[in-house]
Amino acid sequence: METPLIEFKNVTKRFGSRTILDQVNLKIYEGQISTIIGKSGTGKSVLLKHIIGLLAPDEGSVLFRENPIGSLKKSEWDAYRVQVSYMFQNNALFDSMTVYDNVALPLQQTTNLSKTEIERRVMARIEQTELTEVAYKYPSELSGGMQKRVALSRALVTDPTIVLFDEPTTGQDPIRKNAILAMIAEYQRKLGFTAILISHEIPDVFFISNRILALYNGKIVFQGTPEELDEFEHPFKDEVIQSLEGFQEELTGLYSQRHFKVRYQTDLSRKRRDETYAIALFTLEELEAISNVLGHTTAQEIIRALGAYIDKHFGAVGGFSTRHSINEFVTVLPYSDLDEAGRILEDFAKDFQDRGIRDIESVAQKESDSTECINFTILAGLAQGKPFVEMESIIEFAKFRQEEIARFQCELRR
Amino acid sequence: MTTNSHDQDPGENEVTGQPGTFLTRPFAGLGRKVISWVDHMGAATIFFGKACIMIFRPKQIPAIIQQIYYIGAKSITIIMLVGFFTGMVLGLQSYHALVKFGAQGALGTLVALSLVRELGPVLTAIMITARAGSAMTAEIGIQRISEQIDALDTMRIDPLKFLISPRIAAAIISFPLLTALFDLIGILGGFLSGVVLLGVNAGTYFHRVQSSVEMQDVTDGFIKALVFAVIVTTVCCYQGYFTHMRTDSYGAKGVSLSTTSAVVLSCVLILVADYAVTSFLI
């Protein structure tokens, strides 16, 4: 069995008479994105601060590769700390320093790199996080979203192997929230670090997380994949997940996954066993390339535009949709058989090619000034559903039957 | 290191305790205050010691120069202004006292020795406390409550090295220089009121200044300035750095109280230390 990178063993932390963490046991695995969810004020930040050593447990131990970090030798502790970076909930930027100086600070103070090399690394991060234009401004002159990105740049500038994100999307609009989450996921893939997130963004954060850890009443009550969380039966689910997960997904305005399932179950319960319906799966391909060329924010705007277009078109014929993953949408057409759904999809594809592309172009061209070319395609697949068949297997079949319905070739330039 | 506010309070038993406890209660309170004071003094001494060691770490020179600019260079105007008027009022008051004994010729001696031995170091330290010390506490306090100091920790940057050491080094360099400036401008202020306005002979004034002030007086003044530099920066930085440990208030209110405490405590300690150092040097 895989050895956890970080493990909490019976960690208890008290402040005064208040027990914040009560015999917490958890495991974080290398190279994954693990997200800690829980109600506000339940000790998620406290938990994170134990990993970086800002707080020490009153009881129990925090292990790094099976060694308690409290008993590491100074050299081992230093070697551990070099690998860990932390992004604070309120950013903790130095307000008397410019964006550049904030990002450069850890390199200037903890390495012997030359000034030129520091400048190269810092500017690379600043460009990646779309902050070039504000590099010499002060944090107080930036919007909340920009400040978040400065904090993200600073957290990543030292190329850490473990990055702790304390509510990285707090106070952002839906597009920015998803752009930040997408950015974290992209850097995690590119740089291969282990990300530990605290987030309330349900379900958006599930799209990028490998593992979910649920903190409830001072204890970890669930550790597993987002899919396993679906099956998890615990008061936590009613109190936390359902309260955090809105009726609609914030970014696209489509049904949240939970409400989509509720609607799906309700509609299906009215059907006879021999009645059929159709499910369509849409995929926006090359999302990462779009993010790289047009930026994360524009990529999220495109997802939103696509979601809105799907909803508008299929909603008119009684369909309902949700975002299935970071770049996939599922639409249920409860009153259509496969042939009729095929015709609706053809209409959609034609309409989308004629008008939808223009919508997406206008989104992308809002910020366009680059000559770089971007190609991407939209795939769609249909599958026939029956009341007694699992939805996931129908979606899988729709995925298998996906084909291209729209293509952009060097039409969007930034 | 932190105390648990829910730990049993010794005062709790006294209310329901044995007869006569009301007599001991003030002493218990006083005892707690003294213990707390000793605790803070010890912590502040360790804080200063650790920060001092960090002065000699690499990459400190630019930060020290920057702090010399904030603490020293930016205080020049206020020090000159206060020094000038202190010298003038000293000249004015002393002239009217000396003239009763026909000793107005000794005005230069009185002004110069008063400034170099006492008023220069003390008033300079108090002015820097008001201008730079309060700013130090507020800045460090805000950095503490906005988690900037925690951020330094997470970036493996020692906050004592990054925030405190440059300020202590800069104060140790700036205080004696500003004191010298204060003395010089004060003597010129005394010249203006005593010589230009009240008619004391200019040659006599400067001759008395030159003949009465010895190197020992200047050295003693600088020693005081150094002691005050240590006191002011340690108290002001300590108050800001540990503003989150206050039990009486939190956040912005905590920072404002820490700033007030830092200024009041620095001024009191400057005067106490002035007496102590003078009694050793005299």
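At what angle do helix H3 (residues 99-110) of chain A and helix H4 (residues 115-128) of chain A pack, and how far apart are their axes? The first view below has the answer. Everything here comes from a predicted model, where local features need pLDDT of at least 70, side-chain atom pairs count only at pLDDT 80 or more, and totals for chains, interfaces and linings use all residues. Residues are numbered from 1 along each chain as its sequence is written, while chains are lettered from A and ligands numbered from 1 in the order in which they are written.

**View 1. Helices H3 and H4 of chain A pack against each other.** The angle is about 130°, with the axes 10 Å apart; axes are lines fitted to C-alpha atoms, for helices over the stretch in contact, and angles run from 0 to 180 degrees between N-to-C directions. H3(A) and H4(A) therefore count as oblique (under 35 degrees is roughly parallel, over 145 roughly antiparallel, 65 to 115 roughly perpendicular, and the rest oblique). On the H3(A) side, the contact residues include A:Val99, A:Tyr100 and A:Leu107, and on the H4(A) side they include A:Ile118, A:Arg121 and A:Ile126. Being in contact takes C-beta atoms, placed from the backbone, within 7 Å. By type, the contact splits into 8 nonpolar, 1 polar and 2 charged residues (Ala, Val, Leu, Ile, Met, Phe, Trp, Tyr, Cys and Pro are nonpolar, Asp, Glu, Lys and Arg charged, and the others, Gly among them, polar).

**View 2. Six strands of chain A form an open sheet.** Read across, the order is S6-S7-S8-S3-S9-S10, with mixed pairing. Strand S6 (84-87) and strand S10 (219-224) sit at the edges, each pairing on one side only. Strands are DSSP runs (E, at least two residues), as are helices (H or I, at least four), numbered from the N terminus; two strands pair if DSSP finds at least two bridges between them. Zoom in on S7 (residues 162-166) and S8 (residues 194-198) of chain A, and you get a parallel pair with 5 bridges. A:Phe165 has A:Leu197 as its bridge partner in S8(A).

**View 3. Chain B touches chain A.** Each chain puts in 15 residues. On the chain B side, helix H6 (residues 148-154) gives the largest share, 5 residues.

Notes. Two residues are in contact if their C-beta atoms, placed from the backbone, lie within 7 Å.
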